[in-house]
Amino acid sequence: YLGGTGAANYLSDYEEGNFTVATVATGYTISAQVGRYTKTGRVVVINFSVTFSAVNGSSNSIVALTGLPITSNGDLAFAGSVREQATTGAIYVTRVAASSTGITMNSMDGVVNGTQRTIRTGEAYTGTITYIT
């Protein structure tokens, strides 16, 4: 119960845990990863960190990540952000498609004087996405 003991205050679904971030993208290898989630009712908040030991230089810095613990809602796509933690603090965008357990992560235009910053090896990328089931 949240904020009282009445029926309107009853929380019927809460869970938290870990998940494994993986990639199915050609040419990408993850050398370190952490994934955590909290689900309250239909709302899922995920936090993750990945470090790549190999990246596909011809992919224009778009990588598909997999492993979300709970499938997203079938009606909507959801967006989030990732920050590179080791070198520049560059920002990347993420997307969870409708009915998905995967994340698409890509660099933003305009990061440095109108250019894109590629996803690189040896840097930690930390992100958060909130979505509904």
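**Exercise 1. Surroundings of Ala54**

Task: State which residues Ala54 touches, leaving aside residues up to four places away in sequence, and say where Ala54 is found.

Solution. 
Step 1. In this predicted model, the contacts of Ala54 are Gly27, Tyr28, Thr29 and Thr121, once residues up to four places away in sequence are left out.
Step 2. Ala54 belongs to strand E4.
Step 3. For one of these contacts, Tyr28, the C-alpha to C-alpha distance to Ala54 is 5.1 Å, although the two residues are 26 apart in sequence.
Step 4. The relative accessibility of Ala54 is 25%, so Ala54 counts as partly exposed.

**Exercise 2. The order of the sheet**

Solution. 
Step 1. As background, strands of a sheet pair through backbone hydrogen bonds, in a parallel or an antiparallel sense.

**Exercise 3. Pairings of E3**

Task: Find how many bridges join E3 to E1 and how many join E3 to E4, and name bridge partners in each pairing.

Solution. 
Step 1. Strand E1 (residues 14-18) and strand E3 (residues 29-40) run antiparallel and are joined by five bridges.
Step 2. Within this pairing, Gly17 has Tyr37 of E3 as its bridge partner.
Step 3. E3 also runs antiparallel to strand E4 (residues 43-54), with eleven bridges between them.
Step 4. Here Thr38 has Val45 of E4 as its bridge partner, and Thr40 has Val43 of E4.
Step 5. The hairpin of E3 and E4 has two residues between the strands, and Gly41 takes a positive phi near 65 degrees in this hairpin.

**Exercise 4. Pairings of E8**

Task: Describe how E8 pairs with E5 and with E7, and identify the residue with a positive phi in the hairpin of E7 and E8.

Solution. 
Step 1. Five bridges connect strand E5 (residues 62-66) with strand E8 (residues 102-107) in the antiparallel sense.
Step 2. Opposite Thr66 stands Gly102 in E8.
Step 3. Strand E7 (residues 91-96) is likewise antiparallel to E8, with four bridges.
Step 4. The bridge partner of Val93 in E8 is Asn106.
Step 5. Five residues lie between the strands in the hairpin of E7 and E8, where Ser99 takes a positive phi near 55 degrees.

**Exercise 5. Aromatic pairs**

Task: Count the aromatic pairs, then classify the pair Phe52 and Tyr125 and the pair Tyr92 and Tyr125.

Solution. 
Step 1. The count of aromatic pairs is four.
Step 2. The ring centres of Phe52 and Tyr125 are 6.1 Å apart with 55 degrees between the planes, and the pair is tilted.
Step 3. Phe52 lies in strand E4 and Tyr125 in strand E9 (residues 124-132), so this pair ties together parts 73 residues apart in sequence.
Step 4. Phe52 and Tyr125 are both buried.
Step 5. For Tyr92 and Tyr125 the centres are 5.3 Å apart and the planes stand at 90 degrees; planes over 60 degrees apart count as edge-to-face, so this pair is edge-to-face.
Step 6. Tyr92 is in strand E7 and Tyr125 in strand E9, so the pair links distant parts of the chain, 33 residues apart.
Step 7. Tyr92 has 1% relative accessibility and counts as buried, while the relative accessible area of Tyr125 is 0%, also buried.
Step 8. Tyr28, Phe52, Tyr92 and Tyr125 are linked by ring pairs into a cluster.

**Exercise 6. The salt bridge**

Task: Identify the side chains that meet in a salt bridge, and decide whether Lys39 and Asp13 are buried or partly exposed.

Solution. 
Step 1. The structure holds one salt bridge.
Step 2. Its side chains are those of Lys39 and Asp13, with an N to O distance of 2.1 Å.
Step 3. Lys39 is in strand E3 and Asp13 in the segment before E1; this pair links distant parts of the chain, 26 residues apart.
Step 4. Buried means under 20% relative accessible area; Lys39, at 9% relative accessibility, therefore counts as buried.
Step 5. Asp13 has a relative accessible area of 25% and is partly exposed.

How values were computed. Residues numbered from 1 in each chain as written. Predicted model: local features only at pLDDT ≥ 70, side-chain atom pairs only at ≥ 80, totals over all residues. Heavy atoms only, no water. Pairing = 2+ DSSP bridges. Phe/Tyr/Trp six-rings, centres within 6.5 Å; stacked < 30°, edge-to-face > 60°. Buried < 20%, exposed > 50% of the residue type's maximum accessible area, 1.4 Å probe, protein only. Contact = heavy atoms within 4.5 Å. Salt bridge = Lys/Arg side-chain N within 4 Å of Asp/Glu carboxyl O.
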